[in-house]
Amino acid sequence: MGLLVSAPRVLAVLGPTNTGKTHLAIERMLGHATGMIGFPLRLLARENFDRVVRIKGARAVALITGEEKIVPPNPAYFVCTVESMPLDRAVEFLAVDEIQLCGDAERGHVFTHRLLAARGLAETMFLGADTIRPLLRRLVPEAEFVNRPRFSTLRYLGPRKVTRLPPRSAVVAFAVADVFALAELMRRRRGGTAVVLGALSPRARNAQVAMFQSGEVDYLVATDAIGMGLNMDLDHVAFARLVKFDGHSPRRLGPAEIAQIAGRAGRHMSDGTFGTTAELGAMEPELVEAVENHRFDPLTHLFWRNARLDYASPESLLRSLEQRPPAPGLAPAREAEDHLALRTLAKQADIAALARHPAAVRLLWEVCQIPDFRKVMSDTHARFLGQIYRHLAGPQERLPVEWVAAQVQRLDRLDGDIDGLMTRIAHIRTWTYIAHRPEWLADSAQWQERARSIEDKLSDALHDRITQRFVDRRSAFLVKQLAGDKELLASVSQGGEVKVEGHYVGRLDGFRFVPDPGAGGSEAKTLLAAANRVLRSEIAARARRLAAAEDGEFTLGVDGVITWRGGAIGRLLAGDSALVPRIEALPGDFLEGELRDGVRRRLGEFLRSAIARGLQPLFRLRAAELSGAARGLVFQLAEALGSLPAAAVASQRAALSRSDRRLLGRLGVRLGVETVYVDALLQPRATALRALLWAVWRGEAPPPVPAPAAPRDPAVSSTAYAAMGWRVLGPRVLRVDRVERLAAATRRLARQGKFTATPALAQLGGTGLDELAPMLAALGYRTVFSEAGVSFQAQPHRAGKMRHGQAARGRRRRDQAGAATDGPFAKLKELRLAR
């Protein structure tokens, strides 16, 4: 009786995402002496290769993808992409992941071939969605079926605004422009997001996912590239679009495709949710029910392409590719990129001439299978493949080193934007694929290393560009911290810089927080929220320090704003008089109640002291013991801030006694013919303070302090000039002390009658002879035109002033004479005469 030999076992492990199918397959494979598993994506293959290496060691495991081959001597296990599975190697265990991709129009024929032809010596396992069950049962009748229920539930949450999505959410769109627009919105409103696109290299994609997984950002914006191969701690998936362009036309996603993507939410025993963005609107109830309960229409056909190819000629190869499927349930595959490239190249006479024997045709087919990572127009890709084939089919049968070096060198640069870097990565991935054909390139190992190095550099640069554009690390961190109730660490530097948890968020301008000017919109709101959590105690401490500050720590600006330690804290308002303005403490965050009153009191003390110091001669005048007439004159001088027209106080001036005049003179009061003024208040700092006090009193902008003699500014009123100590004389303004000197000089000339303008007069007026006439007219002189020329003559009221000036000089002489007869030297003279 012979031994019974059991047939190899074929298992179909079917179920939704997050059911542990891959884990089961790896576990089963490692239970055999040898094994092979095919994954739909290079990054999935790499991830599981690393996992198996950790268990079995690097010498036991090979990695084979189109762009990467790590094959130690005599490996026991092969981890591959589905297209790169070395089916000529016999292994005890063989598995294919995501077998439902047999129904994919672009790659389905490869998966279907593995379904029909790839077997392990002892065990074969197909992993995928339940939608393939009926066709798999028909095409592989020996298969056993194992159902894998989802460990967690998937629940529909409905539409939500993108900016209101919960943390640990992914937003899904399908066009790169849509992904970037959503990512920009998330950066502004939520501090940032990771970005996953199919066009990213595995390294860049993994770096973005790692940023999400580490919690550096709480959001992810992606295409359907997250639908398989990326294991993330997602809680919610929101669809911003449900229509994608499939390479030929836009089409709506089917329920199974939506479930594949939505199923990324929730891991193992953790439940997940899915929904849409508010802009897209709600999903149909029947669609929601299908996704939540994993009930989908089964696949109606699998795509098939003949794998037994005829290499007799290009035409024979094309005919064999177009052979009809051999069984019901199989549909002809859409012409793939390699098929289209072959059709294009076969029409070129020089290539047809080279492909005249089976080996040359096989080589042509291998060249046509170089992937179009660039996703450029098929003609462009075909031209590139034509160049490759001509070199390989030529006398050298190798790619010229110089040509390859030039092609690769153009890609070894890190400048450009995100699109430019993604394009360069696509180019270098093509060269990585080519470099793994040692029969095509001399020193292929060196080219593999060079291409991998460039791809890594470009991928790192791309990750950095995406992060720079779509992640504000500061805002993302602060948003996360603000969501909790943990006490935040903060510091405020001497210069007012505010940092929260080490991140600069803005500065204190006095008691007002100013967010970082580089932040805008919602980012500024985030900074303000973070600062508000930590500034209350700092503001209180600042208010107490200000109350105890010395006057020297404050500054009164020409605009009426008081600053302390570089920050604006108060401003002047009109009070009971120009000399007594009110003070207002500027609004500040958390500056309330007693703190605000204390700040206002200290600012009031400083302001009174600053005015008293700046106008000290005026305050000394007010404090002096004076007669009634002198006190009245001083009162008006103080109200006018230190100078006023002599005519305005003529009566008080006439009432002054000789001793009043002497005392006022000693106190700095000049009783001029044109103006009564305090001489010391014509200094620059005093006039600037006078300008400010007048402007605050009048509720106007402070006028600029002019030069002692200057053109008149039409924007400044005569009243404003007078308050500063200037007088308007026609088109010019002159400080009042210089007005007195000019008036005195003209009086001396006018005593002889008519007089002409002289350079000396022009110099006193600080102007040229041509502008002197209107200035003299303002002083009361009329212009006389005669054959002898232009002259000037005092008008009648001016003659009175001249007599008044002479009388004033007489009084001064008498005062001096009186002083001479009353003084000690006069008494000494009398004694000498008596002897």
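The legends below describe an overview and several close-up views of a predicted model.

**View 1. The whole chain, with its secondary structure and surface.** The chain of this predicted model has 835 residues, of which 49% are buried, and its secondary structure comes to 30 helices and 34 strands. Among contacts between residues at least 6 apart in sequence, 65% join residues at least 24 apart. The accessible surface of the chain is about 39,300 Å², and carbon and sulfur atoms account for 53% of that area.

View 2. The strands follow the order S30-S32-S31, and their pairing is antiparallel. Strand S30 (709–711) and strand S31 (726–729) stand at the edges with a single partner strand each, so one side of each is left without a neighbour in the sheet. Neighbouring strands of this sheet are turned against each other by 25° on average, when direction is ignored. S31 pairs with strand S32 (residues 732–735) in the antiparallel sense over 4 bridges, and valine 728 stands opposite valine 733 in S32. Helix H26 (residues 736–750) packs on the sheet, where it touches S30, S31 and S32, and the direction of this helix makes about 100° with that of S32.

**View 3. A salt bridge between arginine 252 and glutamate 284.** In this pair, one of 42 salt bridges found in the whole structure, the closest N and O atoms are 3.1 Å apart. Arginine 252 belongs to strand S15 (residues 250–252), while glutamate 284 is in the loop between strand S16 (272–277) and helix H8 (285–293), so the pair ties together parts that are 32 residues apart in sequence. Arginine 252 is partly exposed, at a relative accessible area of 43%, and glutamate 284 also counts as partly exposed, at 32%.

View 4. The closest N and O atoms of arginine 450 and aspartate 412 are 3.5 Å apart. Arginine 450 is partly exposed at 22% relative accessibility, as is aspartate 412 at 25%. The side chains of aspartate 415 and arginine 424 meet at 3.8 Å, N to O; here aspartate 415 is partly exposed at 39% relative accessibility, whereas arginine 424 is buried, with a relative accessible area of 8%.

**View 5. A network of salt bridges.** Through salt bridges that share partners, Arg42, Arg46, Asp50, Glu67, Glu68, Arg429 and Glu455 are joined into one network.

Conventions: Residues numbered from 1 in each chain as written. Predicted model: local features only at pLDDT ≥ 70, side-chain atom pairs only at ≥ 80, totals over all residues. Heavy atoms only, no water. Pairing = 2+ DSSP bridges. Helix = DSSP H or I, 4+ residues; strand = E, 2+ residues; numbered from the N terminus. Axes fitted to C-alpha atoms, helices over the stretch in contact; angles between N-to-C directions. Contact = heavy atoms within 4.5 Å. Buried < 20%, exposed > 50% of the residue type's maximum accessible area, 1.4 Å probe, protein only. Areas by Shrake-Rupley, 256 points an atom, 1.4 Å probe, with all protein chains shown as cover. Salt bridge = Lys/Arg side-chain N within 4 Å of Asp/Glu carboxyl O.
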